[in-house]
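Please read it alongside the sequence and the model.

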Amino acid sequence: FTSYMLLEDQGSKRVVDIGLVISKGVHIYFDRAAPVLFIFLFFGGWYVFVTAGAEALLCFSAGALLNIISARTGVRVSIQGQTRLAHALGHELFDALQIGVRTGSIGGVPAASF
């Protein structure tokens, strides 16, 4: 799905520039939200360790790591797909629908499976 989506035309320079600005904003948001997220993960991990032990803490940590990777990957691909989707909506509805479904599934399937 990702390779199909990345091969699609991004559209005009203006659309690409808007997509880059949105991408930078999202990356800044992730960078600023990460410390808060790690504070919650630390206290959640501490609670899991105290109540269930080291093995449960290992499972909690693995789940948290996979969730973070899944979220960052899904958002990154969705951002890259948005300019392609906007361009395709101006041309062919069926192609736009395919791009939208594939872009959404790239982020959704890993998040649900992890």
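A residue is called buried under 20% relative accessible area, exposed over 50% and partly exposed in between, with a 1.4 Å probe and protein chains only. By that scale Leu-37 is partly exposed, at a relative accessible area of 38%. The model is predicted: local features need pLDDT of at least 70 and side-chain atom pairs count only at pLDDT 80 or more, while totals for chains, interfaces and linings use all residues. Residues are numbered from 1 along each chain as its sequence is written, and side-chain values use heavy atoms, with hydrogens and water left out.

**Overall fold**

- The protein chain holds four helices and zero strands, where helices (H or I, at least four residues) and strands (E, at least two) are DSSP runs numbered from the N terminus.
- Read from the N terminus, the order of elements is α-α-α-α.
- Buried residues make up 19% of the 114 residues in the protein chain.
- Among contacts (heavy atoms within 4.5 Å) with a separation of 6 or more, 71% join residues 24 or more positions apart.

**Helix 2**

- Helix 2 covers residues 13–52, and its 40 residues should span 58 Å at 1.5 Å a residue; the end C-alpha atoms are 54 Å apart, which agrees. The expected span is 1.5 Å times one less than the number of residues.
- A bend of about 35 degrees occurs at Ala-34, with a proline, Pro-35, following within four residues. The bend at a residue is the angle between axes fitted to the seven residues ending there and the seven starting there.
- Gly-19, Ser-23, Phe-30, Gly-45 and Val-48 are the buried residues of helix 2, and they pack against helix 3.
- After helix 2 comes Gly-53, which has a positive phi near 105 degrees.

**Helix 3**

- Helix 3 runs over residues 54–89, and its 36 residues should span 52 Å at 1.5 Å a residue; the distance between its end C-alpha atoms is 51 Å, which agrees.
- A kink of about 30 degrees is centred on Gly-81, and Gly-81 is also one of the buried residues of helix 3.

**Packing of helix 2 against helix 3**

- The axes of helix 2 and helix 3 come within 10 Å and cross at roughly 170 degrees. Axes are lines fitted to C-alpha atoms, for helices over the stretch in contact, and angles run from 0 to 180 degrees between N-to-C directions.
- The two helices, helix 2 and helix 3, are therefore roughly antiparallel; angles under 35 degrees count as roughly parallel, over 145 as roughly antiparallel, 65 to 115 as roughly perpendicular and the rest as oblique.
- The contact of helix 2 with helix 3 includes 20 nonpolar, seven polar and three charged residues. Ala, Val, Leu, Ile, Met, Phe, Trp, Tyr, Cys and Pro count as nonpolar, Asp, Glu, Lys and Arg as charged, and the others, Gly among them, as polar.

**Individual residues**

- Leu-37 belongs to helix 2; Leu-37 and Ile-68 are 31 residues apart in sequence and 9.7 Å apart in space, C-alpha to C-alpha.
- Arg-76, in helix 3, is partly exposed at a relative accessible area of 39%. Its C-alpha is 8.7 Å from that of His-27, 49 residues away in sequence.
- Gly-11 sits in the loop between helix 1 (2–7) and helix 2 and is partly exposed, with a relative accessible area of 24%.
- Gly-11 and Thr-83 are 72 residues apart in sequence, with a C-alpha to C-alpha distance of 7.0 Å.
- Setting aside neighbours within four places in sequence, Gly-11 is in contact with Val-16 and His-87.
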